[in-house]
Amino acid sequence: MKKKMLTFTKGNRKVPFEFIPISDFLKLIWTEIPLFTKNAQHDANEFLMIFTQKIKEGEELGHFPPITPLFTFEVENSIWCDLCKKCTSSRESHFMAYTPFNVHVQGSLDLYFKSYQTPCGGEMWISNKIISLPSFFIVTIGRIVFKNENFYKITDSVGVDQINLSPYLRKAKISNFFTQELKVKGFTEGEINLALSDTNNFENLEERIDEYRKMHKTNPKYGIGGAIIHSGNSMKGIL
């Protein structure tokens with residue numbers, strides 16, 4: 001079978017790479033990751049984690065075009081303490097969202113991004129908010145629960161059609177007045193929050209959103225692009 005040749009940009013030069021037949025791809029998986037050889041049954045999430053790590057290694061060596069950035073999203077983790085009145089934050093890049101089980105994927109994401117309190121003498125609030133969206137969003141649904149000092153596998157099905165990441169976006173630092181003005185001019189709240197999440201400058205807001213649109217995804221809604229199905233009718237999917 002003739003292999004198709006494409007190129008990807010690395011620095012200032014074009015580097016060729018090949019499409020390979022699915023049969024060759026499977027043989028490559030069996031060779032590089034013997035754990036998943038032939039018809040042996042293994043956890044889908046485990047395969048996804050190992051496979052994506054192999055892709056990252058290939059990218060670093062220049063064997064693959066940049067694939068993982070298409071799935072990478074950035075999250076800001078914030079901790080607010082009522083006692084000392086201080087807020088600390090850090091940023092992390094994630095390749096997928098590992099969510100707890102819920103009857104619907106959107107519900108699993110609600111639990112994943114839910115803010116919560118923890119005692120520290122006063123009250124400590126911990127929250128995670130998205131500050132950049134991936135082109136494709138990978139979400140995994142946990143199917144093991146610890147109950148009565150034992151682990152149980154959840155066999156219930158998971159509902160999924162479309163998910164909306166809008167509730168989990170970090171709010172723009174501009175005032176509601178400017179937000180409403182921008183909405184009147186046709187910008188969505190998602191675009192405003194993503195493009196202006198770091199700004200304290202109220203000048204040229206429209207131009208900055210337009211520039212952000214050209215380089216980044218701004219629609220926080222995802223449909224189903226594919227899924228890995230395994231026993232128990234649980235689902236792990238790419239959205």
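This is a predicted model: local features need pLDDT of at least 70, side-chain atom pairs count only at pLDDT 80 or more; totals for chains, interfaces and linings use all residues.

Q: Which parts of the chain does the pair of F71 and F95 tie together?
A: F71 lies in the loop between α2 and β3 (73–81), and F95 in the loop between β4 (86–94) and β5 (97–99), so the pair joins parts that are 24 residues apart in sequence. Helices (H or I, at least four residues) and strands (E, at least two) are DSSP runs, numbered from the N terminus.

Q: Why is the pair of F177 and F178 called edge-to-face?
A: The planes of F177 and F178 are 75° apart, with 5.5 Å from centre to centre. An angle over 60 degrees counts as edge-to-face, and centres within 6.5 Å make a pair, so the label applies.

Q: Are F177 and F178 buried, partly exposed or exposed?
A: Buried means under 20% relative accessible area, exposed over 50%, and partly exposed in between (1.4 Å probe, protein chains only). F177 has 55%, so F177 is exposed. F178 has 26%, so F178 is partly exposed.

Q: Why does N45 count as buried?
A: The relative accessibility of N45 is 13%, so N45 falls in the buried class. N45 is found in helix α2 (residues 44–60). Its C-alpha atom is 8.9 Å from that of I141, 96 residues apart along the chain.

Q: How do you know that E206 and K185 form a salt bridge?
A: The closest N and O atoms of E206 and K185 are 2.6 Å apart. A salt bridge is a side-chain nitrogen of Lys or Arg within 4 Å of a carboxyl oxygen of Asp or Glu, so the pair qualifies. E206 is in helix α6 and K185 in the loop between α4 (176–184) and α5, 21 residues apart. At 31% relative accessibility, E206 is partly exposed, and K185 is partly exposed at 49%.

Q: Which salt bridges does R213 form with E191 and D210?
A: R213 meets E191 at 2.9 Å, N to O. R213 lies in helix α6 and E191 in helix α5, so this pair ties together parts that are 22 residues apart in sequence. R213 also meets D210 at 3.2 Å, N to O. R213 and D210 are three residues apart in helix α6, so about one helical turn separates them. E191 is buried, with 9% relative accessibility, whereas R213 is partly exposed at 34%.

Q: What rules apply to the numbering and the values?
A: Residues are numbered from 1 along each chain as its sequence is written, and side-chain values use heavy atoms, leaving out hydrogens and water. Local features need pLDDT of at least 70 and side-chain atom pairs count only at pLDDT 80 or more, while totals for chains, interfaces and linings use all residues.

Key
Rings of Phe, Tyr and Trp (its six-membered ring) pair if their centres lie within 6.5 Å; planes under 30 degrees apart count as stacked, over 60 as edge-to-face and the rest as tilted.
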